Amino acid sequence: MAGQFRSYVWDPVLIICQIILMQLIYYSSLGLWLGSLDLLIQHGPSLDQIFNDGILGFSTVHGRVTMMAFILNSLTCALGLLYFIRRGKQCLDFTVTVHAFHLFGCWIYTSHFPITITWWLLNIVCVALMAVIGEYLCMRTELKEIPLNSAPKSNV
């Protein structure tokens, strides 16, 4: 690996831990966003807001607030990509993985495959936001200058 600046080592334990961590970030931050926004509209939180595709929609305030929580959660998870994944190349992979597990969670919770167009459009927007913002943030940190001389300058 002499010709590379940063070598990539296959570490499946690290990847599995990062996937689990991103799922924890996804659901905990989504729960916090839903809880705080439900307080604003004085509505009781439920798991249906996370896993039921029928809740989402523009026709009710509850549906709009739930969709807003998913959008805000994408921004929060992009920060999770920055702090825990730290590689711009891997942001899309982890974003799609998080949302694929969410798809399976919705499928298991409701016992049917999500079919509403609102659910699919919302998740496509959330994947795009999370991946693009996460990659932008990671690329900014990857492109920072590397200090070549860390010793203090001496005046001779």
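Me: To begin, does Q18 count as buried or exposed?

Reply: Happy to walk through it. This is a predicted model, so local features need pLDDT of at least 70 and side-chain atom pairs count only at pLDDT 80 or more, while totals for chains, interfaces and linings use all residues. Residues are numbered from 1 along each chain as its sequence is written, and side-chain values use heavy atoms, with hydrogens and water left out.

Q18 counts as buried, at 11% relative accessibility; buried means under 20% relative accessible area, exposed over 50%, and partly exposed in between, with a 1.4 Å probe and protein chains only. Q18 sits in helix 1, where helices are DSSP runs of H or I with at least four residues, numbered from the N terminus. Setting aside residues up to four places away in sequence, Q18 touches F84, I85 and F94, a contact being heavy atoms within 4.5 Å.

L81 and M22 are two of the residues with the most contacts inside the largest nonpolar core, which has 28 residues. Such a core is a set of buried Ala, Val, Leu, Ile, Met, Phe, Trp, Tyr and Cys residues joined through side-chain atoms within 4.5 Å. Helix 1, helix 2 (48-51), helix 3, helix 4 and helix 5 each give two or more residues to this core, and helix 3 provides the largest share, eight residues. In soluble globular proteins, nonpolar side chains tend to be buried together.

Now to helix 5. Its buried residues include M130, G134 and C138, and the buried residues of this helix pack against helix 1 (12-41), helix 3 and helix 4. The 26 residues of helix 5 should span 38 Å at 1.5 Å a residue, and the end C-alpha atoms are 37 Å apart, which agrees; the expected span is 1.5 Å times one less than the number of residues.

R87 lies in the loop between helix 3 (61-85) and helix 4 (91-110) and E142 in helix 5 (residues 117-142), so the pair ties together parts that are 55 residues apart in sequence. The rule asks for a side-chain nitrogen of Lys or Arg within 4 Å of a carboxyl oxygen of Asp or Glu, and the count comes to one salt bridge. R87 is partly exposed at 23% relative accessible area, and E142 is partly exposed at 30%.
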